Amino acid sequence: MSLIPWRNRGAISRSDQPRSIIDVMHDDLDRMIDRFFEQPFGALSADTGERFAFAPPVDVEETDKEVTVRAEVPGVDPSRIEVKITGDTLTLSGSKEETKEEKGKNVHRSERRFGSFLRRITLPESVDPDKATADFSSGVLTVRMAKRPESTGRTIKVNAK
Amino acid sequence: MTACCQTTNGQTTENAPAREARTYRPAVDVLETADNLTLVADVPGARAESIDVRVEEGILTIRAEVPQRDTGANAQWRLREYGVGAWERSFRLGDDVDSSRIDAAYRDGVLTLTLPKAEHARPRKIEVRSN
């Protein structure tokens, strides 16, 4: 059967922003390099040494009131995602399973990754785990965490003996 | 095919908006059954209505715009890995695919295309007659 990747972008070029295949390859490469420096050894769990199939890419955004983390987890069953906040670390883990339709078929091309995933993110600010929410939509997990109220500072009295 | 050579003009890179103009290549799986080819592509963050699937001159192109995320006021980025822009990927279809009956579904960030095989490409069981 023929379904062959086609790279001649000229044939489908859009009038507004013509882009060459080289530009597109650069974008893909940039992304790969970004990920490499972010996690040069993949998602290797520090405590168990267990290898994970992949680490989802994330965005971390901070406002004065909250920290928002978004992770790309397309095709992952939301009920199989675990979101955990421990101290200043947010841990996203779970697994991406092949659907029934994908099992045991004649596979021509297999680029998508399946299996367990793990991503640990050090949060830029201390957050209140009790005021965190996690939503899944269109393959994107969004975790919103309220920052702890800014500590006003406290003067410690020196006890003289 | 003259268009292929016009795409590289110096202006494109200079005027390209920083992040929005990026085009990513979705990871795809292609599977075959007796009657269909199935193409599965990861396109997280898209909306069904912003996904464009078309066949032109035997080239199947999937394209999905991922909308800019609504960031809070004064939001500051600490990490940006998850791409915003467009996903795009093209495949050349053989004449064994019936391009008039392609079905597309989008769920949980995954686009699934079902491409029925053309009648002549389907497996056919030949009855053996006995006299």
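I began with burial in chain A: 37% of its 161 residues count as buried. A reminder to myself before going on: this is a predicted model.

**Chain A, layout.** I looked up the secondary structure next and found one helix and nine strands in chain A. Reading along the sequence, I noted the order β-α-β-β-β-β-β-β-β-β.

**Chain A, contacts and surface.** I then took the contacts between residues at least 6 apart in sequence; in chain A, 55% of them join residues at least 24 apart. For the accessible surface of chain A I wrote down about 9,700 Å², with 50% belonging to carbon and sulfur atoms.

**Chain B, layout.** On to the partner entry. Chain B has two helices and nine strands, and from the N terminus I read them off as α-α-β-β-β-β-β-β-β-β-β.

**One residue up close.** I picked B:Thr61, which I located in strand 5 of chain B, residues 59-65. Is B:Thr61 buried or exposed? I put B:Thr61 down as buried, because its relative accessibility is 6% and the cut-off for buried is under 20%. Which side chain does the side chain of B:Thr61 meet in a polar contact? I found B:Ser90 there, with the two side chains making their polar contact at 3.0 Å.

Definitions and conventions. Residues are numbered from 1 along each chain as its sequence is written. Chains are lettered from A and ligands numbered from 1 in the order in which they are written. This is a predicted model: local features need pLDDT of at least 70, side-chain atom pairs count only at pLDDT 80 or more; totals for chains, interfaces and linings use all residues. Side-chain values use heavy atoms; hydrogens and water are left out. Helices (H or I, at least four residues) and strands (E, at least two) are DSSP runs, numbered from the N terminus. Buried means under 20% relative accessible area, exposed over 50%, partly exposed in between (1.4 Å probe, protein chains only). A polar contact is a pair of N or O atoms within 3.5 Å; within protein, one must be able to donate a hydrogen and the other to accept it, and residues adjacent in sequence count only if both atoms are side-chain atoms. Contact means heavy atoms within 4.5 Å. Accessible areas come from the Shrake-Rupley method with a 1.4 Å probe; for residues, only the protein chains shown count as cover.
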